[in-house]
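Here is a short tour of a few local features. Please keep the sequence and the 3D view open as you read.

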Amino acid sequence: MKRVAITGYGVVSPIGIGRRPFLDSLRSGCSGIGRISRFDCETFGVQLAAEVKGELSLPTRIEEVSSDDPK
């Protein structure tokens, strides 16, 4: 038997966290690009980025994740 390591699950993107919010934003043509808000970027040549908005709540145990997770 071969072992399997799951290193990621779901979607984390600037237009949505989780499958449903991501697909809804994608279908409606939302852009994830905007002014950088997580730190002061005034001294940089670029002030635009595709930041992931909101807080992430990641599972700490594999039992907390299921294949039918709506996120």
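Is F44 buried or exposed, or does F44 fall in between? F44 is partly exposed, at a relative accessible area of 46%.

## About the model

This is a predicted model, in which local features need pLDDT of at least 70, side-chain atom pairs count only at pLDDT 80 or more, and totals for chains, interfaces and linings use all residues. Residues are numbered from 1 along each chain as its sequence is written, and side-chain values use heavy atoms, with hydrogens and water left out.

## An aromatic pair

Rings of Phe, Tyr and Trp (its six-membered ring) pair if their centres lie within 6.5 Å; planes under 30 degrees apart count as stacked, over 60 as edge-to-face and the rest as tilted. By this rule there is 1 aromatic pair. F39 and F44 form it edge-to-face, with 6.1 Å centre to centre and 90° between the planes.

F39 is also partly exposed, at 47% relative accessibility. Here buried means under 20% relative accessible area, exposed over 50%, and partly exposed in between (1.4 Å probe, protein chains only).

## A buried serine

Now to S25, which sits in helix α1 (residues 19–27). Helices (H or I, at least four residues) and strands (E, at least two) are DSSP runs, numbered from the N terminus. With a relative accessible area of 15%, S25 is buried. Leaving aside residues up to four places away in sequence, S25 touches I15 and C30, where contact means heavy atoms within 4.5 Å.

## Strand β1

V12 lies in strand β1 (residues 12–13). V12 is partly exposed, with a relative accessible area of 47%.
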